[in-house]
Amino acid sequence: IIHGQQDTLIPIEHGRALYDRIKSRKMLVCPAKMAHNTSLMRELSNFVLPMTQFFSLPDYAFEDLTLPSWAYAGAPPSAGGAPSAA
């Protein structure tokens with residue numbers, strides 16, 4: 001849950017109450033300078049960084065991952081990383 005501390009439309013207590021009621025894995029992010037309509041992308045620390053932590057993303061550089069050929073079901077091992085297109 002992301003709830004800005006400067007939100008004058010919905011009190012921050014509502015976000016905290018929702019957080020308290022969640023019974024599964026959860027995270028509460030309350031940026032000090034965020035209002036109700038502040039863009040989530042204004043500061044990476046408000047959205048992207050907590051998201052990568054919550055979902056345990058190892059890297060958010062958006063680089064292509066290379067998988068060995070044995071990782072593809074039914075593909076015989078080959079010199080390349082991905083099976084060739086038929």
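Q6 lies in the segment before α1, where helices are DSSP runs of H or I with at least four residues, strands are runs of E with at least two, and both are numbered from the N terminus. The model is a predicted one, in which local features need pLDDT of at least 70, side-chain atom pairs count only at pLDDT 80 or more, and totals for chains, interfaces and linings use all residues. Residues are numbered from 1 along each chain as its sequence is written, and side-chain values use heavy atoms, with hydrogens and water left out.

Q6 is classed as partly exposed because its relative accessibility is 46%; buried means under 20% relative accessible area, exposed means over 50%, and partly exposed is in between, with a 1.4 Å probe and protein chains only. Leaving aside residues up to four places away in sequence, Q6 touches A32, K33, M34 and A35, a contact being heavy atoms within 4.5 Å.

Two residue pairs that are separated in sequence are set out below.

| Pair | Apart in sequence | C-alpha to C-alpha |
|---|---|---|
| Q6 and H36 | 30 residues | 7.2 Å |
| M51 and M27 | 24 residues | 9.2 Å |

M51 belongs to helix α2 and is partly exposed, because its relative accessible area is 30%. M41, by contrast, is found in the loop between α1 (12-21) and α2 (48-54), and it counts as exposed because its relative accessibility is 51%. Together with I2 and L40, M41 makes a nonpolar surface patch of about 250 Å².

R25 lies over the face of F54, at 4.2 Å from the ring centre, while the charged end of K26 is placed over the ring of Y19, 4.3 Å from its centre.

For the chain as a whole, there are two helices and zero strands, and buried residues make up 19% of the 86 residues. The accessible surface comes to about 7,000 Å², of which 59% belongs to carbon and sulfur atoms, as calculated by the Shrake-Rupley method with a 1.4 Å probe. Of the contacts with a separation of 6 or more, 44% are between residues 24 or more positions apart.

Definitions and conventions
Patches are made of residues with over 30% relative accessible area and no salt bridge: like charges are joined within 9 Å, nonpolar side chains (Val, Leu, Ile, Met, Phe, Trp, Tyr) within 5 Å. A salt bridge is a side-chain nitrogen of Lys or Arg within 4 Å of a carboxyl oxygen of Asp or Glu. A charge sits over a ring if NZ of Lys or CZ of Arg is within 6 Å of the ring centre and within 35 degrees of the ring normal.
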